[in-house]
There are 2 protein chains.
Amino acid sequence: MAEILSGKVVSEEIRNGLKAEIEELQQKYPGFLPGLAIVQVGGREDSTVYIGQKVKNAAAVGVKATHVQLSRTATQDQVLQAVEKLNTDPSVHGIIVQLPLDTENDIDAHLVTNSILESKDVDGLHQSNAGKLARGNLSGCVLPCTPRGCLELIKHSGQSIEGKTAVVLGRSMIVGSPMSDLLTWNHATVTVCHSRTKDIPSIVKSADILVVAIGKTEFVKGDWIKPGAIVIDCGINSVPDETKKSGKRLVGDVEFAKAKEVAGWITPIPGGVGPMTVAMLLKNTVDQARKAWEKAGNSSRWNLS
Amino acid sequence: MAEILSGKVVSEEIRNGLKAEIEELQQKYPGFLPGLAIVQVGGREDSTVYIGQKVKNAAAVGVKATHVQLSRTATQDQVLQAVEKLNTDPSVHGIIVQLPLDTENDIDAHLVTNSILESKDVDGLHQSNAGKLARGNLSGCVLPCTPRGCLELIKHSGQSIEGKTAVVLGRSMIVGSPMSDLLTWNHATVTVCHSRTKDIPSIVKSADILVVAIGKTEFVKGDWIKPGAIVIDCGINSVPDETKKSGKRLVGDVEFAKAKEVAGWITPIPGGVGPMTVAMLLKNTVDQARKAWEKAGNSSRWNLS
Ligand SMILES: NC(=O)C1=CN([C@@H]2O[C@H](COP(=O)(O)OP(=O)(O)OC[C@H]3O[C@@H](n4cnc5c(N)ncnc54)[C@H](OP(=O)(O)O)[C@@H]3O)[C@@H](O)[C@H]2O)C=CC1
Ligand SMILES: NC(=O)C1=CN([C@@H]2O[C@H](COP(=O)(O)OP(=O)(O)OC[C@H]3O[C@@H](n4cnc5c(N)ncnc54)[C@H](OP(=O)(O)O)[C@@H]3O)[C@@H](O)[C@H]2O)C=CC1
């Protein structure tokens, strides 16, 4: 029977740690206040809910989050201008653009993401941050939130990653690809699977560490799992459930009930990877705010000398 | 008995193709001349030999190569200034900095590489180009030369890559890591191995496509190879050989004599990956020159309208 890797519990520890860290930094740097700007184009209801969660969580740890709302009619230039304003605002240390964009215009989401100053890119999606991560410069880049959260959960198993066999299902820009890079540079031997991969069950069977991010309800069956494996399930899929008031419930990409009989460690849904993502967004923001203040502190000392 | 994937032959085809392409572009754009600048810091003998080969090959296809030599005493700022001058020179379409640097000073090679304009980075080592490649934007980036050459050789086998099992030994910035990305985004299922990987022989055994780039003499044994596999050997290792006038000969990272009995296709050393690397540098330069001229052509048409 697997041990549950609770993102709910671990993310709370992280948020508490961030709160304490911010208070400590405020002693050192009076006026220190990490600022996160969340740019929303249009008004998708799900996006508004996610942004609400981020703002609420930010406030709880002492990060000042600002919700920058642009209308569905905003042009690409207007979105780029909004980002540029935040780039030059010294009270803003992290900028994210909530995706997908809800727009009437033809806006290139990659262009927008890459217009964020690399050092304020707390979603870790800027191509320079991706390039550094992919080539092993982990300390020089901002890590994407969901993979960073998955890595924390893996570490919470207490098992070392080095030399382990890891399998990642999915190669998206947000989850799968950066997750593979993170595992490779933590010295696992990583296999990346995607929609063209043949014989996924037998590849999954080899995994000491399995991360699944494909968005397909209970795609990974319990009997594919290697006994004792660490199983991280990023999937968030909604299925009908008459026993619930809402008429539905959330399930992952892994057949949880059976997999937990075989795995050594497993993440639940909900309460697994989900809450870690928001905690890591806040951690990235605090990290970048600290770096910005350290840099300013050093340069003012420099100016004095 | 494996078919030999001759980089000597394929690279010659590519160079001939480039020569024809340049002549055709000169018809279309009078004055068209692809320019490649090779920056060398210090005077390492091996670097000078490599640069000589690049310059000679460039001249043969009609690329104007310039060897920019800085002394061993050049500071980081001076190197950055030299690159900046080439960045703004419209007759230069490709810039490479020959590594390793031979310098008396503390120069950050990554900083220098990343100071090259992304669109002139014909070695494909800029972090933005790496980020695009790693996240699957292959058409938007400049591909690193050796991996691009390996991909050409794999394609020359006539086998499709999609859905195949690929194994890459090595995860360097120049060869292994970008090679894995290229295979993943050509839809192979890729496993990346490195010095912490356990049981490499059995992983190698699963590979329909095997690329080896570790720099260890005949590390991969013939009986590890899956029968019929495509084997690409990037290794260049010098071993003593009394039968040669020079007293040494070059061997790869794969035990060629035995592997060729098992593999379906295999690259020789010398005459395998090596000549492909230079051909791909020239291809990248011509590609970027064409893009620059097309852009200038379009914008002058634009100005006229
Ligand atoms: N917990 C959290 O905070 C977050 C959760 N998620 C969830 O994670 C899941 C994945 O998200 P995301 O990465 O954005 O999704 P994407 O749709 O962007 O990517 C899905 C990936 O899965 C691969 N895939 C799809 N079908 C199969 C299949 N049958 N076999 C193997 N691979 C397959 C795709 O392959 P190919 O590339 O070949 O198309 C693709 O690489 C979703 O459920 C999403 O809701 C996402 C972000 C954050
Ligand atoms: N033909 C051409 O034009 C070119 C050829 N080359 C040749 O290719 C080879 C590799 O070059 P390069 O990538 O630059 O080399 P690097 O030394 O930069 O990288 C070597 C890689 O191999 C891995 N490695 C080392 N030993 C082992 C082992 N015992 N088992 C598994 N993996 C191992 C290392 O792992 P780790 O990351 O864990 O240290 C590292 O990732 C060299 O022979 C080089 O001369 C290189 C460039 C161009």
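Of the 305 residues of chain A in this predicted model, 52% count as buried, meaning under 20% relative accessible area with a 1.4 Å probe and protein chains only. Residues are numbered from 1 along each chain as its sequence is written, and chains are lettered from A in the order in which they are written. Local features here need pLDDT of at least 70, while totals for chains use all residues.

Now look at how chain A is built. Its secondary structure comes to 10 helices and 11 strands; these are DSSP runs numbered from the N terminus, with at least four residues of H or I for a helix and at least two of E for a strand. The radius of gyration of chain A is 20 Å, close to the 19 Å that the globule rule gives for 305 residues, so the chain is as compact as a globular protein of that length. That radius is taken over C-alpha atoms, and the rule is 2.2 Å times the number of residues to the power 0.38. Along its principal axes, the C-alpha trace of chain A spans about 65 × 50 × 35 Å.

Next, follow the strands. An open sheet of 12 strands with mixed pairing runs in the order β1(A)-β11(A)-β8(A)-β7(A)-β5(A)-β6(A)-β6(B)-β5(B)-β7(B)-β8(B)-β11(B)-β1(B); two strands pair if DSSP finds at least two bridges between them. At the edges stand β1 (3–4) of chain A and β1 (3–4) of chain B, each with a single partner strand, so one side of each has no neighbour in the sheet. Within chain A, β8 (residues 230–233) and β11 (residues 265–266) run parallel and are joined by two bridges. Ile230(A) has Trp265(A) in β11(A) as its bridge partner.

Conventions: This is a predicted model: local features need pLDDT of at least 70, side-chain atom pairs count only at pLDDT 80 or more; totals for chains, interfaces and linings use all residues. Side-chain values use heavy atoms; hydrogens and water are left out. Buried means under 20% relative accessible area, exposed over 50%, partly exposed in between (1.4 Å probe, protein chains only).
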